[in-house]
Amino acid sequence: MSAAGAVTDGAAGPDAEFWLVVGTGLSGMRIVGELTESCERLLTGRYTVVRTDELLLGVHGGRLTLHDVGGRQLAAPAVAYARMSSAVLSTDREITLLRHLEAMGTALINPTAAVLACVNKFWHLQQLAVAGLPVPDTRSYADVPLSKVIDAGVPEPCVVKSVRGQQGRRVFLAPDAAMLRAVHGSLRDDSPYVFQRYVAHSHGRDLRVIVVDGRAVAAQIRSATDGGLTSNLALGGTAELCLGRHPAGEELAVRAAEVLGLGVAGVDLLFEPDGGFTICEVNVHVGWRACMAEVAPAVVAACRDRLDAAGGAGAGAGPGSAGGAPGPVT
């Protein structure tokens, strides 16, 4: 799919008001297909699908520019929703693109600052805690050697996570500090770790709530099938749809998304013995199962509402955009 041409019969060209921005390698994913189908129904003639590997960013005459790889100048859209891979997301690449779009006047459903907060598991805990929302007692660090972090004291037992881990990977339960000392030399040190209070009552299960523009649109209880700690479906867990069964959890998830500034979020909650919930983490590039047919239409409807609220404002209207000044890239 090219930014310079129509994606489907109902899609607009490269100057569409709304862009579905898709990260490299994700174009063929089911979720992207569901979002595109919803765009066809709800944003006919107003959207296009643009891949991140089709866009060139620039500054010309002191103003920001966008071009496709064929050299055609593009106007930034009024509204955009980005589907990217958190596992490979880079400040030098994807985040730079999102910043560029925002600076050119594009309203992102998930703003750059919110995306950054969510890809680091400690960053969003900081914001949630300051807002007074329940999160596990956690310890992390900047560049202290891991052995000294352990010696200084960690919760026992504790859940250990890399701040950049994804889909339940690089997560394990450590019964005590002695075990951590025994294995810390085998842990990758490309990013820091967090050491969190172990919520035993929620071992192997959590409540995932998908929030779209301040509303819980889907929820599921995820459970590990092997007695393990993590219930992520990518690691073989099972899930049971449960929207409306845990209203307090759904309300907490909505509040978490609001605090972080996310229009679309997946909030993972841990079950506490008193019937309450603790926020485990918040995901910005949330996935959903094929049976959650209500999610993609809700996301696109939120995008349409943002677009309508902007009055179909001309794309690239931001103060740093180039308007019609520069021509094709040469």
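The model is predicted. Its secondary structure comes to 8 helices and 15 strands. Of the 330 residues in the protein, 49% are buried. If you look at contacts between residues at least 6 apart in sequence, 70% of them join residues at least 24 apart.

**Helices α3 and α4**

- Have a look at helix α3 (residues 112–119) and helix α4 (residues 121–130), whose axes come within 4 Å of each other.
- These two axes cross at roughly 110°, and α3 and α4 are therefore roughly perpendicular to each other, since angles of 65 to 115 degrees count as such.
- On the α3 side, the contact is made by Leu-116, Ala-117, Cys-118 and Val-119, while α4 brings Lys-121, Trp-123, His-124 and Gln-127.
- By class, this contact of α3 with α4 has 5 nonpolar, 2 polar and 1 charged residues.

**The largest cavity**

- With a threshold of 30 Å³ or more, the count comes to 1 cavity.
- The largest cavity holds about 50 Å³ of space.
- Its lining is made of Ala-80, Tyr-81, Ala-82, Leu-98, Leu-108, Ile-109, Asn-110, Val-115 and His-285.
- Strand β5 (residues 79–83) gives the most to this lining, with 3 residues.
- The lining of the largest cavity divides into 7 nonpolar residues, 2 polar ones and no charged ones.

**The second largest pocket**

- For the second largest pocket, the space comes to about 180 Å³.
- A set of 14 residues lines this pocket, and the closest to its centre are Tyr-141, Val-144, Leu-146, Arg-188 and Asp-189.
- Sorted by class, the pocket lining has 8 nonpolar, 3 polar and 3 charged residues.

- To locate Gly-227, go to the loop between β12 (215–223) and β13 (238–241).
- Gly-227 is exposed because its relative accessible area is 56%, and exposed means over 50%.
- Gly-227 and His-203 are 24 residues apart in sequence, and their C-alpha atoms lie 8.3 Å apart in space.

Key. Residues are numbered from 1 along each chain as its sequence is written. This is a predicted model: local features need pLDDT of at least 70, side-chain atom pairs count only at pLDDT 80 or more; totals for chains, interfaces and linings use all residues. Side-chain values use heavy atoms; hydrogens and water are left out. Axes are lines fitted to C-alpha atoms, for helices over the stretch in contact, and angles run from 0 to 180 degrees between N-to-C directions. Angles under 35 degrees count as roughly parallel, over 145 as roughly antiparallel, 65 to 115 as roughly perpendicular and the rest as oblique. Contact means heavy atoms within 4.5 Å. Ala, Val, Leu, Ile, Met, Phe, Trp, Tyr, Cys and Pro count as nonpolar, Asp, Glu, Lys and Arg as charged, and the others, Gly among them, as polar. On a 1 Å grid over the protein atoms alone, a cavity is a set of points where a 1.4 Å probe fits but cannot get out, and a pocket is an open set with protein on both sides within 12 Å along at least five of seven lines; lining residues have an atom within 4 Å of a point. Grid points are joined across faces, edges and corners, and a volume is the space filled by probe spheres set on the points. Buried means under 20% relative accessible area, exposed over 50%, partly exposed in between (1.4 Å probe, protein chains only).
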